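Please open the structure in a viewer and keep the selection tool at hand.

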Amino acid sequence: MAETDTLSVIEQKKLQSRQRSMENQCYFALRAEAFFIALSPQLAGIALALGVVLWLRRWICDPEFHFRRLPYDVPVFLFILIGAASVAVSPNPAFSFYNYYVLVGSYAFTYFLAGQTLRTEEQLRGVLKMLAWSAALSVLYGFYQFAFGIETADMKWVDGDAFPELKKRVFSTWENPNIFAGYLGEVIAMVFAFFVSEEEKGKRWRLGSVLCALAACLAMTYARGACFAVVLTLAGYGLVKDRRILLGCAAIGGLLLLFDPMLAERLASVFTKVDTSSEMRLAIWESTAAMILDHPILGIGWGAYRMVYHEYDFYINDVSVDIYHAHNMYLNYAAEIGVIGAAAYFWFFFGTMISAFLASRAETSAFVRRFELGCALALVTVALGGFTDDVVFNIPTSMLLWLGCALSMAVTGDPAAEEICKTQE
């Protein structure tokens with residue numbers, strides 16, 4: 001009998017060892033994806049694929065590991081299904097299917113892997129450390145580009161007639177300055193959340209210095225929409241919580257404008273004149289509205305905007321010029337997957353934002369509250385920036401957004417995750 005009990009204990013220890021090993025492997029893949037999202041989409045994709053395979057292995061081999069339901073799984077699956085159905089109405093279903101497979105596959109599996117893997121606050125800290133290191137490298141490379149020069153005159157990111165003196169726009173490891181600016185907006189929101197709630201003076205000074213560096217890098221992109229989105233987000237928080245934040249934003253913004261008159265001219269152009277970029281956006285939005293009216297149910301097909309736009313174009317009148325998205329997140333989703341599909345996406349998007357705001361005031365640890373506030377503010381910057389651009393059209397930015405949403409819901413959205421939600425101060 002004693003020998004049987006000994007064997008049972010040994011087998012139990014072996015099972016626990018295998019469970020820990022499989023858990024660590026999934027967690028390592030998630031951290032690797034988080035690190036590479038901003039630096040190498042290809043390596044991030046490899047880490048994601050590996051993580052999903054390891055999770056499936058864990059789900060099959062570990063009898064105690066179960067699928068978790070998160071609060072916004074319903075709109076997520078609706079969005080995925082309607083997006084898939086829209087492929088059938090695309091003028092080029094093969095292209096749309098490939099685009100859907102690559103893009104939706106990337107962020108849907110990211111949401112799945114993060115939401116199913118994360119279990120403890122310690123794991124959350126580990127993922128955020130990877131995101132912080134990759135952000136630091138991306139920002140440093142942005143400063144390097146600005147210091148040593150990168151000619152962007154031929155990259156069609158600036159209206160040369162309206163801004164003849166603007167020759168540099170940094171984009172770091174991202175595809176273009178606007179996408180990099182959208183990414184910086186999310187990073188600024190997260191750092192800001194930790195800054196305003198930090199009580200230790202030394203840490204607060206360090207976080208403040210990081211915020212100044214991030215603001216300077218954002219200014220180097222000269223992305224007007226992202227700059228205004230960040231300013232409105234932080235100013236709005238200041239109006240609600242602490243008016244001193246408004247003074248800080250004004251001071252940092254004033255210094256940036258003082259040292260870079262071109263930034264001031266670029267931002268002022270939104271109110272004083274219409275350059276080609278602004279005028280083209282207005283025309284694109286009008287064309288996109290016509291697409292939505294003609295295809296309200298399933299849209300024009302996932303990723304088909306570039307193929308359909310010329311049928312509605314009245315501004316560019318050049319079939320050799322490709323317009324890949326509507327430069328408006330709300331219009332773009334409604335055009336490509338229809339009004340119902342867009343509603344499912346924004347149900348998930350704004351639902352997560354509201355849940356994160358509520359969680360930032362819940363009875364959880366100080367770290368979790370700060371993280372949730374950061375997620376909520378980051379989503380606000382994306383929501384505001386989405387009126388003038390569609391940065392989630394880009395694979396890495398969409399992966400980052402869905403990763404943040406999954407982490408937010410995994411931390412406080414699952415009643416079973418008591419080990420995370422309990423106070424750990």
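**Before starting**

The model is predicted, so local features need pLDDT of at least 70 and side-chain atom pairs count only at pLDDT 80 or more, while totals for chains, interfaces and linings use all residues. Residues are numbered from 1 along each chain as its sequence is written, and side-chain values use heavy atoms, with hydrogens and water left out.

**Stop 1: the rings around Trp302**

Select Phe79 and Trp302. Phe79 lies in helix H3 (residues 73-86) and Trp302 in the loop between helix H11 (276-294) and H12, so the pair ties together parts that are 223 residues apart in sequence. Helices here are DSSP runs (H or I, at least four residues), numbered from the N terminus. Rings of Phe, Tyr and Trp (for Trp, the six-membered ring) count as a pair if their centres lie within 6.5 Å; planes under 30 degrees apart are stacked, those over 60 are edge-to-face, and the rest are tilted. By this rule there are 34 aromatic pairs. In the pair of Phe79 and Trp302, the ring centres are 5.9 Å apart and the planes stand at 65°, so the pair is edge-to-face.

Are Phe79 and Trp302 buried or exposed? Both are buried. Buried means under 20% relative accessible area, exposed means over 50%, and partly exposed lies in between (1.4 Å probe, protein chains only). For Trp302 the relative accessible area is 3%.

Tyr100 is buried, at 12% relative accessible area.

**Stop 2: salt bridges**

Side chains of opposite charge can pair when their charged atoms come close. A salt bridge is a side-chain nitrogen of Lys or Arg within 4 Å of a carboxyl oxygen of Asp or Glu. The count by this rule is five.

Select Glu121 and Arg125. Their closest N and O atoms are 3.2 Å apart, and the two residues form a salt bridge. Because Glu121 and Arg125 are four residues apart in helix H5, about one helical turn separates them. Glu121 is buried, at 4% relative accessible area, whereas Arg125 is partly exposed, at 37%.

Next, select Lys203 and Glu200, whose side chains meet in a salt bridge with an N to O distance of 4.0 Å. Lys203 is partly exposed, at 37%, and Glu200 is partly exposed, at 44%.

Then select Arg306 and Asp322, where a salt bridge joins the side chains at 4.0 Å, N to O. Arg306 lies in helix H12 and Asp322 in the loop between H12 and H13, so the pair ties together parts that are 16 residues apart in sequence. Arg306 is partly exposed, with a relative accessible area of 24%; Asp322 is partly exposed, at 33%.

**Stop 3: Asp318**

Select Asp318, in the loop between helix H12 (305-312) and helix H13 (329-359). Asp318 is partly exposed, at 33% relative accessible area. Contact means heavy atoms within 4.5 Å. Apart from neighbours within four places in sequence, Asp318 is in contact with His310 and Asp313.

**Stop 4: two threonines**

Select Thr364, in the loop between H13 and helix H14 (366-385). Thr364 is buried, at 5% relative accessibility.

Move on to Thr381, in helix H14, which is buried at 7% relative accessibility. Residues up to four places away in sequence aside, Thr381 touches Gly185, Glu186, Ala189, Ala229 and Thr233.
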